[in-house]
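Colleague: Please place the sequence and the model before us, and then take me through the architecture by question and answer.

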Amino acid sequence: MDKLYWLDQIKLQDRAKVGDKAFYLSRIMQLGYPVVPGFVVSAEILRQFLENLNSSESLVADLPHSSLHLDVTNWRQLQQVAGRLRQEILTATVPEQWVSTIFQAAREWQIGCLIFRPTLAISNPTPSTKNISGLLESVFCQCEPEAIALGLKRTWSQIFRARSLLYWQHSGINLQQINLAVLVQPVENAIASGLLTANSSRWEIEATWGLGIAIALGEVQPDVYYIQPETEVVLEQHLGNKMLAYGVDHGAFLQPVPKSVLTPDHTCLITYILQEAQQKQYALEKEYLQQIIALGSQLVSELGKTFTIKWTLTQQTTSGKLQITQISSSQSTPHIHFIRGLGAAGGRVVATALVIMNPQQKPEEIPKGVILVVPTITPDWLPLLQQVGGIITEHGGLTSHAAILARELGITAVVNATSATTLIQTGERLLLDGDRGEVYRIQGDSKEESERGREENLFFPHRPNPKLPHPAVTSHLPMIATQLLVNLSQSTLIEQVQSLPVDGVGLLRSELMVLNILDGQHPNSWILGGRQAELLELWTEQIMHFARAFVPRPVFYRSLDWRSPDLPSLSDSLESSPQSMLGERGTFSYLRNPAVFQLELQALKNVQQAGYTNINLLLPFVRTVEEFIFCRRQVEQALLTEVAQFQLWMMAEVPSVLFLLPEYVKAGAAGISIGTNDLTQLLLGVDREQGELVKVFNERHPAVMSAIAQLIQMAQSAGIPCSICGQAPALYPEIIDRLVEWGITSISVEPEAVERTYQAIARAEQRIILAAARHKIH
């Protein structure tokens with residue numbers, strides 16, 4: 001290692017050696033702007049490291065010169081190759097002289113924690129290589145030789161991850177074009193951190209307590225400030241949801257939990273649970289907010305009107321020091337943001353709009369890959385949604401049918417986008433941002449933007465794409481005691497979900513599952529038409545898919561819970577109140593017309609007789625003990641209870657359960673699963689399809705949280721398990737700490753939320769263990 005490239009000394013000719021991220025920072029730093037200091041381990045060092053790998057593997061022997069042409073459509077092969085390449089790097093030895101050089105340089109900062117930021121330059125890039133944001137992630141490590149060597153290898157190995165190999169292949173990039181350097185910087189405790197995103201019409205500042213990794217990992221919802229750039233006036237500000245913060249091991253918050261126990265990549269970080277009063281405060285004092293705005297105004301002269309910076313307020317003795325940690329400047333952007341709604345399912349996608357003004361008049365089919373724009377979506381749209389690229393609805397909240405369907409199917413979605421069907425025309429090209437809840441018109445080269453959208457959808461930071469098969473991740477995860485389950489309805493998702501670190505299926509939504517087999521007819525129509533045996537066979541086959549895939553892990557099948565407004569296309573002559581907000585739904589409908597429920601029970605029995613004893617029944621929307629008893633007797637008559645492992649549970653979503661749970665347990669309820677979606681709207685009188693109300697009245701409301709705590713406590717007193725399967729833990733991961741603390745037995749979430757929920761559970765359990773240990777010591 002001939003030299004390190006310090007940020008304040010990097011020259012124009014060094015750009016390929018140090019990568020774009022470090023080059024832009026050095027440019028700004030040398031102009032006198034406040035930048036966190038650092039030095040770069042050049043891309044040449046990685047090339048030397050790869051050339052000297054001592055391996056008998058033919059794949060590795062010629063690695064620096066390999067084209068790595070893989071069949072990326074073969075996901076298993078891609079995973080195997082990626083795993084082998086990364087393992088070779090992680091087990092290799094970094095020359096001692098290299099490590100010593102880095103260690104001696106870093107010691108000048110007299111700090112215990114370092115961050116290794118990948119800084120990439122692509123030789124001869126194509127138009128489709130413009131968006132590499134989020135492909136490679138920063139690595140934290142302690143400032144000691146062994147940790148530095150491992151951190152360096154972890155950073156380098158990311159270019160051989162499966163999604164990286166997929167990206168290189170998709171973009172036509174070979175290994176010789178990739179120049180990966182590593183920017184090394186000190187990490188100090190921060191008062192607050194965040195982003196400033198600037199464009200010509202409005203600026204957006206995001207802020208959270210502590211280090212910015214909390215925003216990057218999606219573990220907080222940051223405070224947001226909207227700024228008018230010409231006047232520097234704050235137009236709006238919105239308080240986020242900040243339950244935790246990150247710092248280094250000499251932090252000054254309360255209740256520290258060593259992050260090293262939870263995620264090995266972050267060994268020098270600590271997670272802090274913020275006091276409730278601090279959670280309700282904005283992270284930026286007015287003085288600091290004005291400093292960031294002033295910094296942004298100065299940068300306009302250097303970067304133009306469109307740029308993004310990441311900033312941090314480093315903790316000093318009496319105040320905070322504002323510093324830039326990352327900077328990116330866009331060229332003229334072809335996007336014009338013109339609609340804002342609620343981001344219901346994350347991702348970014350570019351496609352052509354298809355506008356349907358009347359949701360009652362569904363087309364027979366929808367072209368593949370379009371962005372569907374519609375006033376609202378009901379569950380009977382499901383068969384049409386399988387191929388769409390994105391969804392925009394004018395109505396609905398984060399627990400609306402459109403939002404739930406989109407999250408399970410992995411479709412980027414924005415709901416509550418007012419007047420979308422009026423403002424958008426069929427055939428317009430749109431960029432849909434499901435993370436920010438924004439819609440943009442595309443003006444410019446459509447092919448280039450389409451490629452960009454596809455890449456952003458595949459590689460958007462810190463959120464896996466549920467459309468892609470997901471590799472097993474259990475090897476690096478900590479053990480947890482709280483069970484983690486998954487919500488499902490589509491058998492097409494089983495293959496990619498069954499390898500996730502889940503203990504079973506906590507909610508198998510029957511009403512969505514069977515929409516694929518009903519051919520647009522209500523089950524009653526099948527029965528009255530003499531096709532009961534045919535329907536039973538199809539129904540059994542559907543349930544069997546899930547029981548077989550997850551055996552011996554339990555599958556909780558929730559019997560039908562349809563409201564008439566949800567399924568306007570499935571006419572049922574027996575339904576007498578089509579305009580009712582609730583409808584004659586749940587178990588009450590079984591009393592009124594038991595034929596379909598009895599068919600479901602027979603299907604479950606057929607699955608048992610096929611040898612699968614892991615199937616259980618979850619009764620929906622139970623209003624009274626009498627309803628439960630009726631259903632239990634039907635279950636007994638169907639002989640389901642002859643299988644010893646079978647359990648009859650009920651959804652805890654009608655508020656009467658808060659008063660009747662002991663009676664339900666006496667009547668035979670073996671467990672409850674809290675349905676936060678219905679519980680919230682019934683407790684607060686809010687229809688979950690009304691997005692504006694849901695922004696204010698949601699699952700975090702004190703009344704809802706109190707009801708959840710009461711149900712968990714009552715279940716514990718009754719000696720039965722208590723799960724939660726509504727959208728709340730996935731939408732608001734900060735409440736997981738409370739659920740674990742209260743003693744929830746299991747948490748069931750959508751597939752896309754499994755990994756972050758697993759980590760949140762682990763963090764919560766570790767905090768409880770640490771608190772107990774401290775209490776014992778004192």
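Modeller: One convention comes first: angles under 35 degrees count as roughly parallel, over 145 as roughly antiparallel, 65 to 115 as roughly perpendicular and the rest as oblique. This is a predicted model, in which local features need pLDDT of at least 70, side-chain atom pairs count only at pLDDT 80 or more, and totals for chains, interfaces and linings use all residues. Residues are numbered from 1 along each chain as its sequence is written, and side-chain values use heavy atoms, with hydrogens and water left out.

Colleague: How are helix 5 and helix 6 oriented to each other?

Modeller: Helices (H or I, at least four residues) and strands (E, at least two) are DSSP runs, numbered from the N terminus. Axes are lines fitted to C-alpha atoms, for helices over the stretch in contact, and angles run from 0 to 180 degrees between N-to-C directions. The axes of helix 5 (residues 96-107) and helix 6 (residues 145-157) cross at roughly 105° and come within 9 Å. Helix 5 and helix 6 are therefore roughly perpendicular.

Colleague: How many nonpolar residues does the contact of helix 5 with helix 6 have?

Modeller: Contact means heavy atoms within 4.5 Å; helix 5 contributes W98, V99, I102 and F103, and helix 6 contributes P145, I148, A149, L152 and W156. Ala, Val, Leu, Ile, Met, Phe, Trp, Tyr, Cys and Pro count as nonpolar, Asp, Glu, Lys and Arg as charged, and the others, Gly among them, as polar. In the contact of helix 5 with helix 6, no residue is polar, none is charged, and the nonpolar ones number 9.

Colleague: Are helix 20 and helix 21 roughly parallel or oblique to each other?

Modeller: Helix 20 (residues 595-609) and helix 21 (residues 625-637) have axes 10 Å apart and pack at about 45°. F597, Q598 and L601 in helix 20 meet C631, Q634 and V635 in helix 21, a contact with 4 nonpolar, 2 polar and no charged residues. By the angle, helix 20 and helix 21 are therefore oblique.

Colleague: In what order do the strands of the barrel close?

Modeller: Two strands pair if DSSP finds at least two bridges between them. The barrel has 8 strands with parallel pairing, in the order 23-24-25-26-27-28-29-30.

Colleague: Which residue of strand 28 stands opposite M650?

Modeller: Strand 27 (residues 648-652) and strand 28 (residues 671-674) run parallel and are joined by 4 bridges. Helix 25 (residues 702-718) lies across strand 27, strand 28 and strand 29 (722-724), at about 170° to strand 28. Within strand 28, the residue opposite M650 is I672.

Colleague: Is P359 buried or exposed?

Modeller: P359 is in the loop between strand 17 (348-355) and strand 18 (371-374). Apart from neighbours within four places in sequence, P359 is in contact with V374, P375, T376 and W381. Buried means under 20% relative accessible area, exposed over 50%, partly exposed in between (1.4 Å probe, protein chains only). With a relative accessible area of 16%, P359 is buried.

Colleague: What is the relative accessible area of Q279?

Modeller: Q279 lies in helix 9 (residues 276-279). Leaving aside neighbours within four places in sequence, Q279 is in contact with L239, K242, M243 and L274. Q279 is buried, with a relative accessible area of 17%.

Colleague: What percentage of the residues of the chain count as buried?

Modeller: The chain has 28 helices and 30 strands. Of its 778 residues, the share that count as buried is 58%.
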